Amino acid sequence: MKANILFQMKLFVQNNISNILFILLFSSVIVSVQAQNVSVELGPNDIGVNQQFTITLKIANDRLRRYGDFPDIAGFEKAGTSSSSSTNIINGQISSSYSVTQSYLPSQEGTFKLSPFTIAVNDTEVRSPGTTITVGPPKQRSAQNPFFSDPFDDLFGRRNQPQEFVDVKAEAFLALTTSKDTVYLGEGFTTTLAFYLSDKNQAQLQFYDIGKQLTDILKQLRPSSVWEENFNIENINGQSVTINSQGYTQYKIYQATYYPNNTEPIRFPSVPLTMIKYKVAKNPSIFGRRRQEGFKEFKTDPHTVYVKELPPHPQKASVAVGNYRLDESISEQELTTGGSFNYTFKIMGEGNINYIEKPPLRTTDAFDFYDPSVEQNINRRSNQVTGSKAFSYYAVPNEPGEYDLGNYFNWVFFNTASQQYDTLTSDIQVLVEGKSRKNEYISSQDVGSFYNRIAGMNNTLKSRNNDGWLQLAANILIIGMLALVAVISFKK
């Protein structure tokens, strides 16, 4: 009996050998480049215009802590990434694997070339020789391929059984977090919207239309009464984090630092993110569908950040808020009246760099300070905004003496580290030698054409008593006019 069964199976294989060879040629082209325990796999290179091409990074017996950007493919658009992990225990030996898949959507039919590329994975680099991708007409997605048959379906009688799919629970969540829950007016706090995938997750997830979804999300999230410094996340890459002693991969979708303009609480509503989630086949066959595409919505919890008034201070309404330090420089400290020097008052640190104003300058006759040139730099990284703002002055000393520039340059701010007001004051002293320019300044002024005529005028003294007859004549004329007015009035 056993010999008969073996004979029938052998005969079946012989009769279907051409079918099996054709199937092997049709299967996915997998190019694995081993770099220690890391590999890169390419999906099928013969697809329909309604199907996706994939590139998958796999790592065995280690966590995928970080990886570089997937390559761009001409004629394709990146459609998001998905990740999965698995753990196996065989004879007491534990093995694990982790993978991240980048999907590509073809924009048109044709033949496209994926050039050789290299991706950094953890502490190594993995290389792929690339491939040629053929995109044909749309292919019908069905549970059974009409051109090929599964020989084991006939053997075990599964051909007519409906395919069942199992919904695997997703160990993942969407969260909006802030670096601080209470801030002072003008103090920055960093807001992060991220998707978290547990290292124990077995469900297959993939981002879906993330650009459009993010636009709709930000319309709900962005407060109206803040200054925003956007970190401008362009590529969504995974980063390993630990939450409550549990390992997760964090995918940052949006990150920005907000600086409140008033003391109203900043309320972030619950926002949704739709992900592609696949159900897996309960009894997968060789050529049947292994998974079924669906959607799952994840939501954040509402969150509120409270804003406090600054403590009392005469300059409370205009001071900057942050954690700053002074970096100053001067071209030379031994000066001569009438010469010139350059002085830079550079404010550096963490805070709203755009809000920093130039230090108020005390009026003085000892120096002529001209309006400064301003140079500003802003860095957005490591979940914080830092930078500098430099005010460069051109100045001319007028009076000799020793001067402390701290008497002219000081800048008040509210220090978020000490939670009190602080002042950045210049520590530079200068020595000015030479003659005073005060008289030089007066003589250089133009007093006008009136005084310029003095030298050419006659300075002989004249008596003004000979003007008495003019006064007598004027009085007689006035009396005559009054008499004439009286006569006319009497006649009327």
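In this predicted model, strands E7 and E8 run antiparallel. E7 spans residues 117-121, and E8 spans residues 124-128. The two strands are joined by 5 bridges. One of the paired positions is valine 121, whose bridge partner in E8 is threonine 124. E7 and E8 form a hairpin with 2 residues between the strands. Within this hairpin, asparagine 122 adopts a positive phi near 55 degrees.

Beyond residues up to four places away in sequence, aspartate 46 touches Thr134 and Lys139. Glycine 136 is 90 residues from aspartate 46 in sequence. In space, the C-alpha atoms of aspartate 46 and glycine 136 are 7.5 Å apart.

The chain as a whole was also examined. It holds 492 residues, of which 37% are buried. Its secondary structure consists of 7 helices and 31 strands. Among contacts with a separation of 6 or more, 72% link residues 24 or more positions apart. The accessible surface of the chain is about 30,200 Å². Carbon and sulfur atoms contribute 50% of that surface.

Definitions and conventions. Residues are numbered from 1 along each chain as its sequence is written. This is a predicted model: local features need pLDDT of at least 70, side-chain atom pairs count only at pLDDT 80 or more; totals for chains, interfaces and linings use all residues. Side-chain values use heavy atoms; hydrogens and water are left out. Helices (H or I, at least four residues) and strands (E, at least two) are DSSP runs, numbered from the N terminus. Buried means under 20% relative accessible area, exposed over 50%, partly exposed in between (1.4 Å probe, protein chains only). Contact means heavy atoms within 4.5 Å. Accessible areas come from the Shrake-Rupley method with a 1.4 Å probe; for residues, only the protein chains shown count as cover. Two strands pair if DSSP finds at least two bridges between them.
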